[in-house]
Each structure stands twice: as C-alpha cells, then as structure tokens.
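Hi,

Here is the structure I said I would pass on to you. Have a look at it first, and then read on for what turned up.

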Amino acid sequence: MRCNRSSTGRAINICPTREVTASSGQIRSPNYPNKYPASTDCTLTIKQPLDTNFTFTFTKLDIEGDSDGADLSCYDSLKISGGLSKDFCATITPAPFVPGLNVVTLRMVTDGSVQQSGFDLNFTTTRTTGLPPAVSVCPTRTITPSAIGRVHSPGFAGNYGPNLNCKLTLNVPSNKVVEIFYNYRDIEVATQCSKDKLTVADNSASNQTCGASPAGSPTTYRDGNVSFHFSTDGSGSGSGFILSYKLSS
C-alpha cells in the first residue's frame, strides 16, 4: 500500500507496514502518546526523487532500552536506515539524524514485555547538489566512466519493471581498478537470486545480488571492464538499487 501525507496533514503512524511518498511530515509510534503494543514489527518506507536527503528530528523518544553513556541496549527499538542506519531507544532525545539517501526505512520492533509511550518525530527533505553523476543500468550500453559515479536501477526509487535484461559496461582504463559500494538495495529475493538479480563482473570475478539491504561494504574489481547486468522476471518487484563506484590506480 502506498500513500502520501504532507506536514499539513495528520501524523503518519509507523504501522502498518507500507510505503509513503511525503516530502515532510510527522511520524509516530502506534497509540502515541499512549503505550505502544507488544510484539510489533512494522516498517515504513519513504521514497523521494534521486538526490533528496531526509532529516529526522525527534520531539519525543520513550522506547524500552538502557542508555549508559556511549553504550545503548535496546529491548524495543526504532531503526532508521538509508545510506546510514541507526537504532533508537531509551528516553534521551537524540540529535537530528540524516541517513543520506532518497529512500529511507523506519522499522519499529517491540518484544512482549514492557511497553512505553514510543516516539514522535518530524522529517524534512532537501535536494542535494554536487553529487557524482548517476546513470541508469538500462538500456544496454558501454560508457566511459567518470572517476567517481553512481549506477541505479530504472526509475529508482520507484519500483523497477518486469522482464528487464539490461547491461551497463564501464570501459575501464588498463591502469585502473574499480571500487563498488552499494548505497541501497531492494531487489526481489529468491533462492540463488533466481527471480530478479544484479550481477557485477569484470574479466575474472562475478558477483550476483538480490534482497534488501542498506549500505554495505565495498568490493574492488581489478581485471578490466566492469559490467552491471540487471535482469528481472515477470512477477514481483522492489525499489531497486543505487551504488557508487570509484576508479583508482
């Protein structure tokens, strides 16, 4: 289910799990300011156009957990994920959080014991300039890459389409290696990525991926041109992916 609430409308409840496309607004835990329910697991996804940044500012945080200086133990939690991820709990109001991506998920998980009043936060968005150039993996083609760049699925962060078969190849100079870093990934999951998948390869290595994940660890390709092959079947979809690459000697 997808909906759109702006800051001029009522607060968005993090439950049930769904997508929204608001550029600003207020988000609350279920029943706020009364106690949130036990055994909750809800994920709210917010999508905005490429190169949009979110800022989340808490007005209230009261989620079961212990905070002792730098140590934080969460029994219930709110996790905000984009380019960066962070868990929130306990009662100390945190500083504003900027996850650094145009697709952000907020996941609230509670156990079966203590319930508290939850959270109340506001979010805003701004457009970011000066970022590395971004290109779609479709259509199939070979390009001369910039020193730093980004590759994304068609229409990111809108859901990608069915029956895609696209391959983008970076024409890498012989004295360069390419470091790949996933900023965000949401590709239909299946055993051995048998439905939708992204395969990144050079002349001697090939890695395929699917499923959902925020930012991950970098992978370096050292043997010639690097290709990104994105293929999808006729059913199921996701927000797709965006990754960054960097050429170095």
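Asp120 and Arg28 form a salt bridge, with their closest N and O atoms 3.4 Å apart. Asp120 sits in strand E12 (residues 118-127) and Arg28 in strand E4, so this pair ties together parts that are 92 residues apart in sequence. One thing to keep in mind as you click around: this is a predicted model.

Is Asp120 buried or exposed? Asp120 has a relative accessible area of 9%, and buried means under 20%, so it counts as buried.

Another of them joins the side chains of Lys47 and Glu19, at 3.4 Å from N to O. This pair also links distant parts of the chain: Lys47 is in strand E5 and Glu19 in strand E3 (residues 18-20), 28 residues apart. Both Lys47 and Glu19 are buried.

Then there is Glu188 with Lys195, whose closest N and O atoms are 3.8 Å apart. Glu188 is buried, at 14% relative accessible area, while Lys195 is partly exposed at 36%. As a bit of background, side chains of opposite charge can pair when their charged atoms come close.

Now step along to Ser29, in the loop between strand E4 (25-28) and strand E5 (41-47). What does Ser29 touch, leaving aside neighbours within four places in sequence? Its contacts are Asn13, Ile14, Met108, Ser117, Gly118 and Phe119.

**The nonpolar cores**

Phe119 turns up again in the largest nonpolar core, which has 26 residues. Along with Ile27, Phe56, Leu78, Ile80 and Leu106, Phe119 touches the most other members. At least two residues each come from E5, strand E6 (52-62), strand E9 (77-81), strand E11 (103-109) and E12. E6 gives the most to this core, with four residues.

Leaving aside neighbours within four places in sequence, the contacts of Leu78 include Ile14, Phe58, Ile63, Phe88, Leu106, Met108, Phe119 and Leu121. Lys86, Asp87 and Arg107 are among its contacts too.

There is also a second, separate core of 25 residues, with Leu164, Ile180, Leu198 and Val226 among them. In soluble globular proteins, nonpolar side chains tend to be buried together.

Cheers

Note on methods. Residues are numbered from 1 along each chain as its sequence is written. This is a predicted model: local features need pLDDT of at least 70, side-chain atom pairs count only at pLDDT 80 or more; totals for chains, interfaces and linings use all residues. Side-chain values use heavy atoms; hydrogens and water are left out. Contact means heavy atoms within 4.5 Å. A salt bridge is a side-chain nitrogen of Lys or Arg within 4 Å of a carboxyl oxygen of Asp or Glu. Buried means under 20% relative accessible area, exposed over 50%, partly exposed in between (1.4 Å probe, protein chains only). A nonpolar core is a set of buried Ala, Val, Leu, Ile, Met, Phe, Trp, Tyr and Cys residues joined through side-chain atoms within 4.5 Å.
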